[in-house]
Amino acid sequence: MSTFYIQQFGCRATQADGAAIERQLLDRGCTTASESAAADIVVLNTCTVTASADAQARDAIRKLHAANPAARLIVTGCYAQRAPEEIAALPGVTWVVGNSHKPQIPDLVHPLASVATAGSANDFFPAAALHSDSAVPFHSSVGAQHAAPMFGNILTGNIFDRTEFLSAPVLGGEGNRTRPTLKIQDGCDSRCSYCVIPFVRGKSRSLPPETVLSEIRCLSESGFREIVLSGINLGTYGRDLSPRVGFESLLRRILGETLVERLRISSIEPLDVTQDLIDLFAGTERIAQHFHMPLQSASNRILAAMHRWYRAEHYARRVELIHERLPHAAIGADVITSFPGESEEDHAATIDFIESLPFTYLHVFSFSKRPGTKAATLANAVPGATIKRRARELRALAEKKSAAFRQSQLDRTLRVLTLRREDSTEGMSHDTTPALSTNYLKLHLRGIFPANLWLNVIVSGESGSTLVGEPILSFSASSVSPR
């Protein structure tokens, strides 16, 4: 039976897709390889949110092929959906599979395995393929001198109209060996002028509530204590279902019908943060006190050009409501600097806005032109030197806000979840344990503790950008480590 290796890039939604592919391949009897060089099949799951993400994927393809030229390389994900011909032309690529047809990747594995030993590393082979605008399979044999076959590609004028929902809990990476991520929503119906995601992920669609509850029960029963809910546009969860289900209603069902000890929400649009949702967060310790709301800009002129459906004052009111009810909550934001036409006044408005509100961290991005989006056609591009300077200023402000938030937590008692040491080793001494608080603060705890334990700690100081915690209560004897 063939072995496979999956290499991931991009957001939590992409990671969830990869976890689902892994689950499907294991169900087919395939086995995982410890590294790409030992695999018969390598699946590269790509991102395309920025030009640098595209470049990173191309570089990975070249390195994977050089390290294991005999492997059959399947390139999938958002970049594969957006520019299949571009990827197919790269040496070593066997198949290009758009997001629209990711669920069919396991169908390729057996044909791939059958020729992996029969032909040379550069031969292509007959296999079923689908166009994104057709459900009728056709067969094609493509020689090595031609581009790799494309499976589920989007061509000009075609529409991402498939409705499969690909998701499985993400159990590995970035601390998630303790805190799994479950994607419950995919796609987006908004059309922000800079964003390619709606074109490469399709319309908003939701994992049915019963499936969400079942997945969370399984994770809880396996011993996981914190579960992260993710999506492309999480606040729109359930609007596509019949009967319609609201995101807040789903959260209430999870709290009422599962034993999950803590939920964390990955990201939510500001207009979906209602008073009722904030009250729900404030009324239970089972939802992390953590709001990540994309801001992008605080200039109303730029927000309008971005096709963002709020203005700075709307966003500010959400932050104020959160801070009033949950004064120690983590409040994070995405910010895009140097959108075409952004003036120094627009940039200053964003700086002043962030300064005035209790943000605890920022993710800063420089504008990246994405083919097919409205912003890609705009004039008045900001000079590169100006982009770099503005990004530096925003990142400096982000660190200032983060440092102030950490300082505000000194001498407080926090309830934290211990993480695996291999998930967070930066700056750690040999006699400390990494942990995460409800308000998204990383801590180094004095002492060695197993992962996945609740501990009450006093925040006693800082070590670089990480807080130091002194445990004050022993962990529960009933604690269960996840399998």
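Two strands pair if DSSP finds at least two bridges between them. Strands here (E, at least two residues) and helices (H or I, at least four) are DSSP runs, numbered from the N terminus. This is a predicted model: local features need pLDDT of at least 70, side-chain atom pairs count only at pLDDT 80 or more, and totals for chains, interfaces and linings use all residues. Residues are numbered from 1 along each chain as its sequence is written, and side-chain values use heavy atoms, with hydrogens and water left out.

**Strand S3 and its neighbours**

Start with strand S3, residues 41–46. Strand S1 (residues 3–8) runs parallel to S3, and five bridges join them. Ile6 has Val43 in S3 as its bridge partner. Strand S4 (residues 72–77) also runs parallel to S3, joined by six bridges. There, Leu44 stands opposite Val75.

Buried means under 20% relative accessible area, exposed over 50%, and partly exposed in between (1.4 Å probe, protein chains only). Six of the six residues of S3 are buried, so the strand is largely enclosed by the rest of the structure. In a regular strand the side chains alternate between the two faces of the sheet. Ile41, Val43 and Asn45 point one way from S3, while Val42, Leu44 and Thr46 point the other way.

**Salt bridges**

Side chains of opposite charge can pair when their charged atoms come close. A salt bridge is a side-chain nitrogen of Lys or Arg within 4 Å of a carboxyl oxygen of Asp or Glu. The count comes to 34 salt bridges. The table lists some of them.

| Salt bridge | N to O distance |
|---|---|
| Lys183 and Asp17 | 2.4 Å |
| Glu269 and Arg308 | 2.7 Å |
| Arg389 and Glu344 | 2.6 Å |

Arg389 lies in helix H13 and Glu344 in helix H12, so this pair ties together parts 45 residues apart in sequence. Arg389 is partly exposed, at 26% relative accessibility. Glu344 is partly exposed too, at 35%. Lys183 and Asp17 are both buried. They also belong to a network of salt bridges with Lys102, Asp186, Arg201 and Arg205.

**Aromatic rings**

Rings of Phe, Tyr and Trp (its six-membered ring) pair if their centres lie within 6.5 Å; planes under 30 degrees apart count as stacked, over 60 as edge-to-face and the rest as tilted. The structure holds seven aromatic pairs. One of them is Phe339 with Phe367, edge-to-face, at 5.5 Å centre to centre and 75° between the planes. Phe339 is buried at 0% relative accessibility. Phe367 is buried at 17%. Elsewhere, ring pairs link Tyr310, Tyr315, Phe353 and Phe359 into a cluster.
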